[in-house]
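Subject: Structure handover

Hi,

Here is the structure I promised to pass on. Please open it and keep it beside you while you read my notes.

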Amino acid sequence: MGLFSRRNVLAILLLLALIVPSFANAYQLFVGNLILIYVLLAIGLNVLVGYAGQLAFANAAMFGIGAYGTALLQVHLSWPFYLAFPAGALIAMAVGLMISLPALRLSGLYLALSTLAFAQFAQWVFLHWDTLTFGAGGFKSPPISFAPLPLSKPVGLYYLSLITTVCVTLFAQNVVASRIGRAFVAVRDSEIAAQSLGVDLLRYKALAFGISGFTAGLAGGLYSQLLNFVSPEGFDLFQMVIQKSTIVVGGLGSIAGSVLGAAAIVIILELLREVKGAQEVFFGAVLIFFVTFLRGGIVSVLQQRLRGWDEPLHGTRGTDAKSAPQLRLDEKESLP
Amino acid sequence: MLLFSYLLLGGLTSGVLYALVALGLVVVNKSTGIVNFAQGELFMFCGFLAWTVHVQFGLAYPLAFLAAIAGGFLLGVVTDRVAFRSLAKTDVVGLVLATVGLGFVLRGTARMIWGGKGDYLSFPPITSPEPVMIGTIMIIPQQMAALAGALVIMLAFAAFFKFTRAGKIMRATADNAKASTLVGISIQNVYTLAFGTGAAIAGAAAVLAAPLSLLYPDMGFAFFIKGFAAAVLGGLNSLSGAVVGGLLVGIVESMAGGYIHSNMMEVAPFLLIMLVLIVCPTGILSLYKARDV
Amino acid sequence: MKQNLRGLSAWCIAAAVLASPYASAQEQPGLTPTSIRIGSFGALTGPGYLYGKLAMNGVEVVFDQVNAAGGINGRKLEFIREDDRCDPAGAIGAAQKLIYQDQVFALIGGGCSNATFAAREVIEKAAVPFLVVSSVHDGITTPPAPTIFSTALTSTIESKAQVEYAIESKAKKIAVVSMRDSWGRARYTPLMDELKAKGITVVADEEMSPDANDATAQVLRLKQTDADAVIMVLFPKPAAVFARDAQKLGYKPLLIGQTGIGDPAAFEDQVGIPGATAKFRTISMVKYTPNDPEMEKWRKLVEAKFPGDRLSVFNLFGIGSAQVLVEALKRAGPDLTREKLVAALASIHDFPVDVFGAPITCTQADHRCNKAPAWLAKDPSGPVKVLSITRVE
């Protein structure tokens with residue numbers, strides 16, 4: 001294990017993350033907490049898109065369902081946060097599982113479109129089901145207190161997010177290193193071959209969607225507390241673009257990549273504040289730059305340059321899009 | 001009955017706009033296998049170019065049309081050369097994100113150049129703005145112009161892909177890029193041509209649609225998502241499918257709004273898509289289309 | 001290589017190092033003997049940019065004028081913008097950055113409703129004076145926060161005015177068409193409440209998407225109910241599509257607009273069909289439209305500072321609001337503190353501002369300082385005229 005192995009780097013980041021509240025002002029603490037939330041989102045999305053190869057666009061909707069679920073349970077049913085938080089995540093996971101069913105028959109851009117359609121549908125429900133979701137105006141979620149611990153709410157929430165993120169990261173790393181992870185990669189690289197090897201497509205696709213739904217739900221619950229306000233705006237397709245950026249910039253098919261990518265994107269977005277109105281242009285340029293020149297994301301660069309970085313080899317190797325089976329469905333359909 | 005025919009007509013008029021966007025998407029996809037998520041922004045940007053030529057500088061209408069198409073083509077070529085050089089080897093998510101990035105760049109640039117000129121800019125129609133009576137129904141002539149334009153584009157490109165050498169080369173590349181290289185086709189040139197053409201179509205579409213939809217930097221996304229839905233419904237590779245898909249999306253919107261309630265209009269097309277894709281995972285029209293060899 | 005990792009930790013540490021000196025420097029943040037730092041958050045990107053970026057452009061033009069004349073009590077105004085992307089998280093982040101990192105003295109701005117509302121808590125907690133320019137969400141000013149004031153016509157005020165107008169025009173059947181986003185809902189709810197309070201039941205309640213290109217369904221449904229007045233809680237694009245399709249289908253009710261469609265001349269242009277806006281009446285936060293000769297001086301300033309832009313009502317929102325802030329800063333005197341600024345804002349009484357419909361009045365109990373919606377209309381071949389300026393209590 002070299003000096004710059006994944007484990008060491010992540011450990012250093014963890015140490016850094018632990019001491020942030022001691023010197024950060026309110027704004028920096030907010031950004032730090034936001035990074036942790038995006039790490040959660042990125043890990044779940046990477047499991048689904050990077051490992052299992054499911055081009056799904058519903059993660060932002062699941063994020064929203066987690067946020068709404070947690071906060072609404074607190075508001076409508078007066079549940080305490082420590083119950084509402086996991087419950088919200090479970091609701092998001094259930095929805096994720098539900099989406100995995102049609103995903104069985106769809107792949108590539110068709111899956112993309114149907115999950116996009118679902119995301120738009122979820123947005124519509126947030127807006128129109130006023131009696132439940134309070135509609136377009138949003139609502140305030142009751143702030144949690146960390147009594148009897150001597151922690152203010154922002155600091156307490158930060159540590160809660162950190163603990164959640166660490167647990168999810170460890171869990172995800174274990175999953176992808178296990179038989180399940182290998183099954184995901186098999187499904188991604190060739191469904192037909194995977195099936196012939198006895199990999200149950202339904203089970204593993206559902207698992208992938210479920211994991212990403214659950215982590216997105218956790219992220220949503222934390223987000224609802226970070227803002228103490230839940231409204232439909234934050235869960236639209238722009239949010240989805242940010243999430244996809246985190247995994248592409250970090251590296252598809254890499255948990256460490258999800259961590260680094262999420263941190264990178266959030267920090268880039270904050271740094272882009274400097275260019276005021278030109279943010280959109282610069283962010284677009286950053287995306288194009290990463291996709292065209294840093295294919296494989298940050299982890300691929302680290303793997304090339306840092307001696308000792310031990311990234312397992314199942315990151316997507318940039319398959320030729322032309323021959324990727326998922327895209328050319330009319331080809332498949334004309335076979336008997 | 002009158003209600004039905006008015007709703008149908010209303011659906012057709014908005015559907016045509018979606019079809020115009022879908023056509024651009026399909027042309028690019030047919031040649032490269034890539035879905036250009038920036039198609040809506042190209043549409044928007046070319047519309048603003050036309051506005052600058054015709055409304056701001058007061059030049060003749062046909063010049064504005066030309067500016068939109070030429071400007072679009074140039075934009076497509078430049079972005080391909082600068083940004084998408086090596087896009088063929090990237091995985092799908094990366095492709096999507098690269099075109100999304102392009103969309104952001106275009107949107108931000110448009111906002112910086114034209115954003116301060118007004119909230120929604122109007123663009124004069126190619127015909128007179130007064131509604132005319134056809135039989136018992138009133139229509140706005142520009143809507144007919146847009147429909148005619150969509151059909152012309154569709155037929156022109158169908159012919160292009162089927163009969164011209166360039167068209168066949170593009171189809172071959174989309175089918176199997178490696179094999180195309182083996183027979184001496186330069187994939188890079190094909191990609192450049194494809195992006196240029198797709199953007200040029202967006203330009204033509206913009207001039208037809210702008211009088212009806214008004215111009216604003218954020219118009220691209222709403223058009224893209226419905227256009228994308230329309231294209232996939234029609235089978236993503238079929239020009240006629242794009243048009244039919246677009247009209248279908250428009251009609252479903254209008255009917256849902258008229259018969260159920262207007263708050264269903266935004267969601268009805270997406271419910272339709274979710275349903276269709278569950279039943280026919282490869283789009284409606286490809287059920288009836290064998291692959292052209 | 002190692003740079004990547006070092007860079008990441010360096011940012012954190014550098015930020016910490018940079019942040020600490022700021023905190024201990026002055027008792028009044030954002031103040032030096034020669035400058036006052038004013039921050040602004042709103043949408044610089046995304047569809048909300050009209051209420052953010054363009055309004056801020058107006059503010060900046062006023063600040064430039066003040067600085068050219070020597071500043072306020074010897075201090076020049078420094079203006080810092082932040083983007084909130086019309087997103088609650090963006091607004092909270094932007095407000096926190098302005099308050100804790102950039103250490104601004106006061107805030108002026110606020111575009112999208114939900115975003116500004118979400119940021120209210122942060123601003124209140126830090127007790128920073130904040131003058132709202134464009135956000136109409138009632139929750140921002142009700143219940144009043146000690147340091148938050150507004151020159152925007154809040155939703156309740158506009159909705160009351162709309163209902164009053166509909167009643168005065170002797171409409172027998174009133175219908176509502178609205179957008180479902182946060183701006184639309186912020187207006188819709190008080191509108192429905194006010195209608196109910198006046199004992200009116202709407203004959204139709206339709207919805208339009210902000211990007212809608214066809215309103216046939218809505219027009220037909222409204223036509224079936226014979227509504228003779230339609231209250232439009234819409235942005236100009238869907239409203240223009242509605243007006244156009246109504247004309248096409250031969251439906252000609254009274255069209256009642258609101259601040260979102262504050263320029264009848266631009267609206268007429270957007271609808272495109274001659275005569276379609278003959279029965280269109282709308283409210284504006286400001287009593288002038290950009291083409292008014294009275295606005296020539298602002299037009300020159302805006303178009304000089306932002307080449308390519310044309311003066312718009314959104315600039316005027318910022319221009320009006322900034323003048324109020326400047327007046328309050330002047331009144332707070334050379335020995336400036338945040339508390340004094342707040343007291344000065346609360347003391348503004350019958351202060352005339354060239355763009356607003358009536359003199360601005362803030363009180364301790366009510367921080368909504370602009371309660372004078374101006375009713376505008378335009379005859380198809382004539383100029384825009386001010387029909388009346390209502391005073392709402």
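**A covered strand in chain C**

Strand β9(C) is mostly covered, with 5 of its 5 residues buried. Bear in mind that this is a predicted model. Which residues sit on each face of β9(C)? C:A229, C:I231 and C:V233 are on one side. C:V230 and C:M232 are on the other. All of these are buried, and both faces of the strand are covered.

Look next at what pairs with β9(C). Strand β7 of chain C, residues 174–179, runs parallel to β9(C) and is joined to it by 5 bridges. Across this pairing, C:S178 stands opposite C:V233. Strand β10 of chain C covers residues 254–256. C:V230 stands opposite C:L255 in β10(C).

**The whole sheet**

Now zoom out. These strands belong to an open sheet of 7 strands in chain C. The order is β8-β7-β9-β10-β11-β12-β13, and the pairing is mixed. Which strands stand at the edges? They are β8 (204–208) and β13 (384–389) of chain C. Each has a single partner strand, so one side of each is left without a neighbour in the sheet. On average, neighbouring strands are turned by 25 degrees against each other, direction ignored. A helix packs on this sheet as well: α10 of chain C, residues 264–271. Helix α10 touches β11 (280–284), β12 (374–378) and β13 of chain C. Its direction makes about 40 degrees with that of β12(C).

**An aspartate to look up**

Find C:D214 in the loop between β8 and α8 (216–225) of chain C. Is C:D214 buried or exposed? It has 29 C-beta neighbours inside 10 Å, so it counts as buried. The cut-off for buried is 20 or more. C:D214 and C:D245 are 31 residues apart in sequence. In space, their C-alpha atoms are 7.3 Å apart.

**Domains of chain C**

Chain C is divided into two parts: domain 1 (2–152 + 295–346) and domain 2 (156–284). Their centres, taken over C-alpha atoms, are separated by 33 Å. How many residues are in contact between them? 7 residues of domain 1 meet 9 residues of domain 2. On the domain 1 side, 3 are nonpolar, 3 polar and 1 charged.

**Where chains A and C meet**

33 residues of chain A are in contact with 35 residues of chain C. Several helices of chain A each supply at least two residues of its side: α1 (6–23), α2 (26–51), α5 (108–128), α12 (255–271), α13 (279–293) and α14 (297–305). Which gives the most? That is α2(A), with 5 residues. By class, the chain A side divides into 17 nonpolar, 11 polar and 5 charged residues.

**Two crossing helices in chain A**

The axes of α12(A) and α14(A) come within 8 Å and cross at roughly 115 degrees. The crossing is right-handed. In α12(A), the residues involved are A:A256, A:G257, A:L260, A:G261 and A:A264. They meet A:G297, A:I298 and A:V299 in α14(A). This contact has 5 nonpolar, 3 polar and no charged residues.

**Backbone details**

Three spots deserve a look.

- A cis peptide bond joins C:T142 and C:P143, with omega about -5 degrees. C:P143 lies in the loop between α5 (138–141) and β6 (148–150) of chain C.
- A:S78 is not a glycine, yet has a positive phi of about 55 degrees. Its place is in the loop between α3 (59–76) and α4 (81–103) of chain A. With 9 C-beta neighbours inside 10 Å, A:S78 counts as exposed.
- A:F134 is also a residue other than glycine with a positive phi, near 65 degrees. It is in the loop between α6 (130–133) and β1 (139–140) of chain A. A:F134 has 21 C-beta neighbours inside 10 Å, so it counts as buried.

Best wishes

Conventions
Residues numbered from 1 in each chain as written. Chains lettered and ligands numbered in written order. Predicted model: local features only at pLDDT ≥ 70, side-chain atom pairs only at ≥ 80, totals over all residues. Contact = placed C-beta atoms within 7 Å. Helix = DSSP H or I, 4+ residues; strand = E, 2+ residues; numbered from the N terminus. Nonpolar A, V, L, I, M, F, W, Y, C, P; charged D, E, K, R; others polar. Domains from an automatic or database assignment. Axes fitted to C-alpha atoms, helices over the stretch in contact; angles between N-to-C directions. Left-handed = near helix turned anticlockwise from the far one by under 90°. Pairing = 2+ DSSP bridges. Buried ≥ 20, exposed ≤ 12 C-beta atoms within 10 Å, placed from the backbone.
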